[in-house]
Amino acid sequence: MYAFEYRRPASLAEAVSLLSQAEEGKILAGGQTLLPTLKQRLARPTELIDLSKVPELKGIREDGGALVIGAFACHAEVGASDLVKRRIPALADLAVHIGDRQVRALGTLGGSIANADPAADYPAAVVALKGTVKTDLREIAGDDFFTGMFETALNPGEVITGVRFQAPDKAAYAKFRNPASRYAIVGVFVARFGNEVRVAVTGAGPSVFCVTDMEAALAKDFRADALSGVAVSANGLNGDIHASPEYRAHLVTVMAKRAVEACA
Amino acid sequence: MANPTGIGASVRRREDQRFLTGRGTYTEDIKRPNQTHVHMLRSPYAHARIRGVNAADALKAPGVVAVFTGADMAADNVNSLPCGWLIHSKDGSPMKEPPHFPIARDKARYVGDIVAVVIAETREQAKDAAELIDVGYEDLPAVVSLRQAVDGSAAQVHDEVAGNLCYDWHLGDAAAVDAAFAGAAHVTKLDLVNNRLVPNAMEPRAALGEYDPATGEHTLTTTSQNPHVIRLLMGAFVLGIPEHKLRVVAPDVGGGFGSKIFHYGEEAIVTWAAKKVGRPVKWTAERSESFLSDAHGRDHLTHAELALDKDGNFLALKVSTLANMGAYLSTFSTSIPTYLYATLLAGQYKTPAIYAEVKALFTNTAPVDAYRGAGRPEACYLIERLVEIAAREMGIDKTEIRRRNFVPAEAMPYQTPVALQYDTGDFAKNLDMALPAVDYAGFAQRKAEAAKRGRLRGIGFATYIEACGIAPSNVAGALGARAGLYESAEVRFHPTGSVTVFTGSHSHGQGHETTFAQIVAERFGIPIENVEIVHGDTAKVPFGMGTYGSRSLAVGGSALVKAMDKVERKARKIAAHLMEAAETDIEVKDGRFTVAGTDKSVGIGDIALAAYVPHNFPLDELEPGLDEQAFYDPKNFTYPNGCHVCEVEIDPDTGVVSVESFSAVDDFGRVINPLIVEGQVHGGIVQGIGQALFENCVYDEDTGQLITGSYMDYCMPRAHDVPSFAVSWHEDQPCTHNPLGVKGCGEAGTIGAAAAVMNAVIDALAEHGVTHLDMPATPEKVWRALNQSRPAMAAE
Ligand SMILES: Cc1cc2nc3c(=O)[nH]c(=O)nc-3n(C[C@H](O)[C@H](O)[C@H](O)COP(=O)(O)OP(=O)(O)OC[C@H]3O[C@@H](n4cnc5c(N)ncnc54)[C@H](O)[C@@H]3O)c2cc1C
């Protein structure tokens, strides 16, 4: 790890101002991605701005028919929240299957989506649950937020404050996890809002995507069997030593069916 | 009354108190005043000529004390790390033994090879400065896989080793095997890979070098399984330090699995550098360094053929193996795919003729050496896969074909065609115990029930026998070992009757502090609280060979018994004197010395007191004191054996294999502490399951970069990946040639498990025409095997 200055602002305004003044500032949330990166000397920020004391980023609350989860909510908190379990149980279930206990105790929603790891779980929920990403400057529709592998619509210095998730009628997340890292090799989040169905896939491609054929098929007939003939192409999907693009493509259908079954 | 802390008692591990409460003392915990830190600058290239190392900027960096290169070590006449076992090729020529310098001199030969070291006030300063070192690398083509290494056109890892061939060795009777094949009714053939593994001890390697100019004494504290071996190898061969000026300490060590047997360059570097800079020098590996630089395990490519008669009797076995040595010969690397592998190819079977050829090859990868089981898991996996394939091909039940071919218990001692002589074993009994335990008869029903749930269920067996308790020194010596393989013990009674035992074996997870104390407690009728076990320090303990190959109890425990015999012999004389009786009239039981036929007796405590306060003592016949030392050199190997049975279920949609049950029936000879034995078996099974389903060390075939360089990609088995194990054993086949009748249990689980799991996986897939898969049986591999007849499925 290279030397850096450590700052711990007490408000969002202070965090934003520290970031703007920093030569090469970096936000520190749960540190579950950032710290390993620093330890391996793959990044060299001059300042780390720790968000742990910023009150505006905390908490989970209801907002009309939606849930607003603060950017600093850790996975364990989301997984254990009675409110989340009652309003969007699939989201709580997603959170308790992230990484391991240590990771869940520290890793945060904001850190996860800011990082936009192609194998992260939350992006599937943000997209499938018609989420809105709130920042210190604006609100960004979930569909527009993830722009590529490790890329988001965030501007430099922009701080995520929370995410608003719409509560669906039914939803489930089915994850095929990487046996080594526990990230998603393929994760499919299926959510049904009245006649509309969303099928968001993480892990399989460079960034989260929706499978519109599946959405259409399920909108007509919300049963796993409706997906039997619907497959995604392996073209452009990720391949690594754990799973080839073909296998990932296959798993998308398998996991989508399982998610639909779990909605029952 | 049985001693509650004696032999056979499930005494809880005494050492766990300090380990589980964070009070252990590991090498990294030791911090010396004025200590410096060394960072090893490792080659990022798999194969590169080193044109020069410019450290001018690094030397000016904050906190830097020194930078050393291979040239500095050469100038001090530092030698190559030695290889401990000389193998001769078929043609009689000795193996190729290119030098392995602690810091590379001419070329870097794997990603992780040390090219320079930086010593600084802090670890971070050393790392910062290392980035300023300019190494003039000339990137060369790399030889990564075994297939590449044997290809005549491949690059050469060592300029002087043609074809990357370290040796081309063989064992057995080729003519007899050919003749048997000519008359065979059936031949089963198999090509397999024994996948490369990273050992992953919980504690990364670490080393602390110190030099005292006042006494001229060097001290190396290191994560070693065998401190005396390190002292001998490093002192005599690498650094030229005589033993009396070199102390090696292996304090608490957090797991080894073989990877901490070997003498590593880092140990020589910190010892040498401590004198150069006049301060203690500390190194602790980061996990990434462990992946890159710990000696890896396995990595075989094998073709094998088994000849059978029409009734499924094995006639002959023919094996041809390529074994990866990595870039350099690690300490025991050369013996693993030869004398610890090919000699086990008879397994539990009376196969009359066996012939094995092994080519050991250099590649631009980390050195490969012993890893839990070391050669024996490779042999077991090969034999047991062949046996189940043959059973299926010939339509014979997989248990029946084994039963037909077992060496019968009555045939013991049994001379195999591959050099070993088994002393005891009742293989049919192991199987007989296993079958009801796993409800073999009910398997078909379980399979049908699983099918209803859309799951494929399979059952697999593995019988294994291993040669442990290495080794009779004369046999090992005749086969090329460059060391003896005895063990030492000293039993020191203190004046008031407590005991300190010094053992040359080393505990790094095995629980010696408990089991060895139980043996002493049993013998002298004292509680184990009165017995302390000391190990791991060459300044305290007599010369010992350390712990590996499940040898501690069989060899070290035997030395302990011999030392206790000597104590008892002397104590008997003292007792006779104290009770004014003839020595021949003294009877000894549970530490009480009684005059036969009388109620006159003294306890061992009284005798110890008399020995150290010799007011009433036969001083004209005996020396005072009660402190005896013994060395024990075994007469034969020991032969733990067993039968492991695994059931798996496969989800055909995803290819995920789940281990539903695992049962082990083992023969470890006499069991000292059942709790510890069970723990050893559990851990071993998990590592075997790890190899079969999860673990795989992958290098990029073009660049030689380690792809599985962290836990993000190298998959360790987790608790939730394994079922609750059913472990049992019998003790009616004790080892015949050591005093405790023990055989060893440290590696058994790993040896049997991988084969049992893979046999179960293939059994589950058999109805889909799958006959073999290489480990690890990852979800995609299984899914592809299931869909091989319709590969276009994903794109449908
Ligand atoms: C062993 C392991 C297993 C894991 N398994 C999974 C898994 O199964 N599924 C999964 O989804 N994830 C997994 N993760 C990732 C983990 O869930 C974290 O969510 C993730 O590392 C990032 O969150 P963090 O709070 O730790 O962010 P940090 O590491 O602190 O930051 C990550 C990045 O986000 C930026 N950032 C953080 N907060 C904000 C903010 N509010 N606004 C703008 N930018 C911000 C930081 O500057 C940094 O660039 C795993 C991680 C580990 C170490």
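**Notes on the predicted model**

1. In chain B, seven strands with mixed pairing make up an open sheet, and their order across it is β3-β5-β1-β12-β9-β10-β11. The edge positions are taken by β3 (64-69) and β11 (246-249) of chain B, and because each has a single partner strand, one side of each is left without a neighbour in the sheet. From one strand to the next, the twist of this sheet averages 20 degrees. Please keep in mind throughout that the model is a predicted one.

2. Strand β9 (residues 206-212) of chain B is joined to strand β12 (residues 281-284) of chain B by four bridges, and the two pair in the antiparallel sense. In this pairing B:Ala206 has B:Thr284, in β12(B), standing opposite.

3. Two helices of chain B are to be described together with these strands. Helix α7 (residues 227-239) of chain B packs on the sheet, where it touches β10 (217-222) and β11 of chain B, and its direction makes about 145 degrees with that of β11(B). Helix α4 (residues 123-130) of chain B, for its part, lies across β1 (36-42), β3, β5 (114-120) and β12 of chain B, and runs at about 35 degrees to β1(B).

4. Chain B also holds an open sheet of four strands, again with mixed pairing, in the order β21-β20-β19-β25. Its edge strands are β21 (531-535) and β25 (627-632) of chain B, each of which pairs on one side only. Here the twist from one strand to the next averages 15 degrees.

5. Strand β26 (residues 641-651) and strand β27 (residues 656-667) of chain B pair in the antiparallel sense over eleven bridges, with B:Glu647 standing opposite B:Ser661 in β27(B). The two strands form a hairpin with four residues between them, and in its turn B:Gly655 has a positive phi of about 85 degrees. β27(B) is also joined by four bridges to strand β28 (residues 726-729) of chain B, in this case running parallel, and B:Asp666 has B:Trp729 in β28(B) as its bridge partner.

6. Some backbone details deserve a separate look. Which residues of chain B are joined by a cis peptide bond with omega of about 0 degrees? They are B:Ile470 and B:Ala471, and B:Ala471 is found in the loop between β18 (456-465) and α14 (473-478) of chain B. A cis peptide bond also joins B:Met412 and B:Pro413, with omega of about -5 degrees, and B:Pro413 is found in the loop between α11 (398-405) and β16 (414-415) of chain B. In chain A, the residue to check is A:Phe150, whose phi is near 55 degrees, a positive value in a residue other than glycine; A:Phe150 has its place in the loop between β8 (146-148) and β9 (151-152) of chain A.

7. Around the ligand there are 30 residues, of which A:Ile27, A:Gly31, A:Thr33, A:Thr108 and A:Arg182 come nearest. The shell divides into 13 nonpolar, twelve polar and five charged residues. At least two residues of the shell are supplied by each of β2 (25-28) and α7 (109-115) of chain A, and α7(A) provides the largest share, which is four residues.

8. A backbone N or O atom of A:Arg182 lies 2.6 Å from an oxygen atom of the ligand, and a polar backbone atom of A:Gly99 is 2.9 Å from an oxygen atom of the ligand. At A:Tyr183, an N or O atom in the side chain is 3.0 Å from a nitrogen atom of the ligand. Taken alone, the ligand exposes 960 Å², and the protein buries 91% of that.

How values were computed. Residues are numbered from 1 along each chain as its sequence is written. Chains are lettered from A and ligands numbered from 1 in the order in which they are written. This is a predicted model: local features need pLDDT of at least 70, side-chain atom pairs count only at pLDDT 80 or more; totals for chains, interfaces and linings use all residues. Side-chain values use heavy atoms; hydrogens and water are left out. A residue is near a molecule or strand if one of its heavy atoms lies within 4 Å of it. A polar contact is a pair of N or O atoms within 3.5 Å; within protein, one must be able to donate a hydrogen and the other to accept it, and residues adjacent in sequence count only if both atoms are side-chain atoms. Accessible areas come from the Shrake-Rupley method with a 1.4 Å probe; for residues, only the protein chains shown count as cover. Ala, Val, Leu, Ile, Met, Phe, Trp, Tyr, Cys and Pro count as nonpolar, Asp, Glu, Lys and Arg as charged, and the others, Gly among them, as polar. Two strands pair if DSSP finds at least two bridges between them. Axes are lines fitted to C-alpha atoms, for helices over the stretch in contact, and angles run from 0 to 180 degrees between N-to-C directions. Contact means heavy atoms within 4.5 Å.
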